[in-house]
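Subject: Structure handover

Hi,

Here is the structure for you to look over. My notes on what I found in it follow below.

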Amino acid sequence: MRSAAPLFRFDDRYARELHGLYEPWRAAPVPAPALLILNAPLAKELGLFCEALASPDGVALLVGNRIAEGSSPIAMAYAGHQFGSYSPRLGDGRALLLGELVGGDGRRRDVHLKGSGRTPFARGGDGKAAIGPMLREYVISEAMHALGIPTTRALAVVATGEQIARETPLPGAVLVRVAASHLRVGSFEYAAATGDLDLLRRLADHAIARHYPELATAERPYLDFFREVASAQAVLVAQWMHVGFIHGVMNTDNTTISGETIDYGPCAFMDRHDPATVFSSIDQRGRYAYGNQPRILQWNLARLAEALLPLIDEDEERAVAVASEALQGFEERYLSAWRLFMSAKLGLASDIVDRVDAAAIGAGVPALLEQQQVDHTLFFRRLSDTLRGDTGPVRSLFADPSAFDAWAPAWHKLVPATANERRAVADAMDRVNPIYIPRNHLVENALSAATGGDLAPLHELLEAITRPYEERAGLEAYAKPAPANAAPYRTFCGT
Ligand code: AMP
Ligand code: MG
């Protein structure tokens, strides 16, 4: 039965407060919407009723064929540095903000469509998206969420019933995405480039009210705002590094103000630890390689600082001086987050993070894994077995197991000595080191089956990766890296 209450009660604070940073727009009608997947736990969290969402009226809303009462969809304007070069006008070329939902807890979240047709920002694009890439975003963002990494989330994917033109014609889809907000570094670059200081200030005040409300009364709110964004992003990228996530297209328009991961285009998880890992076919110089991500993030934050300069201080020289100092803080923030996460992964107490010996052991891990061509995820997961008395599984991951034997004693010295204590540490390690991540070959299998109409492999994959820490019988295949003879994995941006 359909509930009489409206499905969504949207607010539209962005549209009210930020004239000049969007275009009101409508989704392109689609011929035959069919719900492919609905995220029931997320719907519940948002106070939405799954049954109503899955009804024909609900699906019409989710695909943009119908507009919810009180909703005024908009395409957001933003600029961005893409692979280092500036594009003054990007914006939502194929996406729309339907509105904002305010939860019972006061949390405000954007509900956004991707693949909903051309907008005034579409440039040469068709405004559409294919089923595979939209389900890919669904799977990987849900995996990230389950790993405890801040991310936008996927509420639903709806097939449109039309074929879209890609290298070969592909079935089209719309993704319904939920985010703390869609404010990006590129939003600030766009506002700053208009030269309208009032608009820039309104954007910053809006972002502060939304994400860092405690700063509203700070003495230097815009400088502190910059510091907070830098800190949130530093922690985020540290988390990416620890799970071997490679975003693949870290342009400033894909760097959020909230500190959430956004835009799962050419992203992928690495199997074997290698800082040079790049999956994206368009990233030919490896700008966004795994090992470059912290540096790139800092570069993106420098673009945010530049955009904020006129708000930070009227005197440009002073503004540059304080913003540069704040930017320097990024590295320390990143490293301290990285060390803290690493100590948890190695089962070391957080109060020994600052000990020189512990820090050295953590810092040495990436080089060890790289030299020994070890699977990033399985190393940490199998390391706990050694505390239960079984060194076989982790040693077998090393090209030369004696390299593990040389490393292990120094680590062992830092973990407790009794068998009971060791078992407790091993269990704690298993709660932070996933056994299941969305491995590329598994994701590809699931997506190609789904594109052909079989969603079962996708649901099986989701079952594994949404409880990533719980090793379960029958899911062995989901814990294995791609077969050694598999072709190098490639991802594509033209999604
Ligand atoms: P992305 O790489 O997905 O972050 O997108 C970068 C820019 O290209 C954004 O302005 C998108 O809205 C736009 N874009 C990507 N694909 C399309 C498309 N098929 N049609 C229109 N605009 C697109
Ligand atoms: Mg983007």
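An oxygen atom of ligand 1 sits 2.5 Å from a polar backbone atom of Gly-91. That is a polar contact (a pair of N or O atoms within 3.5 Å; within protein, one must be able to donate a hydrogen and the other to accept it, and residues adjacent in sequence count only if both atoms are side-chain atoms).

A word on provenance. This is a predicted model: local features need pLDDT of at least 70, side-chain atom pairs count only at pLDDT 80 or more, and totals for chains, interfaces and linings use all residues. Side-chain values use heavy atoms, without hydrogens and water; residues are numbered from 1 along each chain as its sequence is written, with chains lettered from A and ligands numbered from 1 in the order in which they are written.

Back to the site. Ligand 1 is surrounded by 17 residues (a heavy atom within 4 Å). Gly-91, Gly-93, Asp-126, Gly-127 and Asp-263 are the closest.

What holds the magnesium ion, ligand 2? Asn-254 (OD1) and Asp-263 (OD) coordinate it, at 1.8 to 2.2 Å. Donors are N, O and S atoms within 2.8 Å of the metal (3.2 Å for Na, K and Ca); water is not among the atoms, so the site may look incomplete. Asn-254 is buried, at 10% relative accessibility. Asp-263 is buried too, at 15%. Buried means under 20% relative accessible area, exposed over 50%, partly exposed in between (1.4 Å probe, protein chains only).

Next, helix α6, residues 185–193. Seven of its nine residues are buried. Helices (H or I, at least four residues) and strands (E, at least two) are DSSP runs, numbered from the N terminus. The buried residues of α6 pack against β4 (80–82), β5 (85–87), α7 (197–211), α8 (221–243) and α9 (293–312). Contact means heavy atoms within 4.5 Å.

Ser-187 lies in α6. Its relative accessible area is 2%, so Ser-187 counts as buried. Ser-187 touches Tyr-78, His-182 and Leu-203, leaving out residues up to four places away in sequence. After α6 comes Gly-195, with a positive phi near 75°.

Best wishes
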